[in-house]
Amino acid sequence: SDAQLQLCLACRNMQRAEAARQALLVSHPTAQATLLHLDVGNMRSVLRAAEEFKQMYNRLDYLYLNAGIMPNPRVDHKAFYKGLFSSNVVCMFATGEGILTQGDKVTPIGLQEVFSTNLFGHFLLVKELEPLLCQIDHNSLVIWRSSNKAQRSAFSLDDIQHQKGREPYSSSKYASDLLSLALNRHYNNRGLFSSVICPGLVMTNLTYGILPSFFLALILPVMWLRRIFTNTFTLSPYNGAEALFWLFMQKPESLDPMAKYHSLTSGLGNNYTQPHKMDIDENMSEALYVKLLELEDTVRKKLRDEDLDIKTKN
């Protein structure tokens, strides 16, 4: 029942988080929902939030890693108009592949912002919550919100933060697919399991910011029509969350670590979940995991040194 579930909304914007909590309580008055301030792009925020969470709860069954940014997406208009009349038009709209480039910037601690927000902050959070996720009396599930745009071609082990490329979002999502596999390899025997979902093409503020509003108004009816033939056009956040809910109903140990679970919507508007094998391998997954562990040590040391400098100055 609703009263038996304890939901913690970990959000960067507390005003919007409270609005979401109130909306939840309207439809589910007996639900237990608390708020936690968390900015996964800020490593100090991650450490503080994890510590606060451990003081509030003594177990964690499901951890949904849904936060992400796609900064300053820009459209390559020439590629866009060319793609409209190609066989790749569906993929172009579903993933932005070939028409979107993103800018990126460096955080105060020296990490690339997209990498920090979409991947590393989540990784650090999982490591911090390890005592609650790894318990002998029950299994837990970490669920990564990936994307159709998670392309192997955008990711490089020699540049895991994507400092040199033009597709940091795609790189970070492919890295999350790799990391999920690594977490399963290292933590399954301790009761922690990891899965990846794709929400399909969902129209959110992130999507609306990519193309001009007048153009979106023109193509939206076409997109709804195309959904009759293309089940990845989930379009609404509710439909896109289908795989998130479906995974909640499964036993973590029964899930395929090599699969990405896709939210799909039929032409008649019926939602369902379907697994698709990911284009990943264990060697690359393990290599990324090792690099993230090394970076974790570096970041923690940098934070300690900064704290020491502050104490010395005071």
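Let me begin with Ala-67, which is partly exposed, with a relative accessible area of 34%. Here, buried means under 20% relative accessible area, exposed means over 50%, and partly exposed is in between, with a 1.4 Å probe and protein chains only. What you see is a predicted model, in which local features need pLDDT of at least 70 and side-chain atom pairs count only at pLDDT 80 or more, while totals for chains, interfaces and linings use all residues. Residues are numbered from 1 along each chain as its sequence is written, and side-chain values use heavy atoms, leaving out hydrogens and water.

Ala-67 sits in the loop between β3 (62-65) and β4 (74-75). Helices (H or I, at least four residues) and strands (E, at least two) are DSSP runs, numbered from the N terminus. Which residues does Ala-67 contact, leaving aside its neighbours within four places in sequence? They are Val-40, Thr-117, Asn-118, His-122 and Lys-173, where contact means heavy atoms within 4.5 Å. The C-alpha atom of Ala-67 is also 7.9 Å from that of Arg-145, although 78 residues separate the two along the chain.

I turn now to a helix pair. Helix α2 (residues 43-56) packs against helix α5 (residues 113-128) at an angle of about 35 degrees, and their axes are 9 Å apart. Axes are lines fitted to C-alpha atoms, for helices over the stretch in contact, and angles run from 0 to 180 degrees between N-to-C directions. From α2, Met-43, Val-46, Leu-47, Ala-50 and Lys-54 meet Ser-116, Phe-120, Gly-121, Leu-124, Leu-125 and Glu-128 of α5. Seven of the residues in this contact are nonpolar, two are polar and two are charged; Gly is counted among the polar ones.

Next, the cysteines. How many disulfides does the structure hold? There are zero, a disulfide being a pair of cysteine sulfur atoms within 2.5 Å. For Cys-8, the closest cysteine sulfur is that of Cys-11, and at 8.4 Å it is too far for a bond. Cys-11 itself is partly exposed, at 23% relative accessibility.

Finally, the chain as a whole. The protein chain contains twelve helices and nine strands, and 48% of its 314 residues count as buried. Of the contacts with a separation of 6 or more, 73% are between residues 24 or more positions apart. The accessible surface of the chain comes to about 16,200 Å², and 55% of this belongs to carbon and sulfur atoms. Accessible areas come from the Shrake-Rupley method with a 1.4 Å probe.
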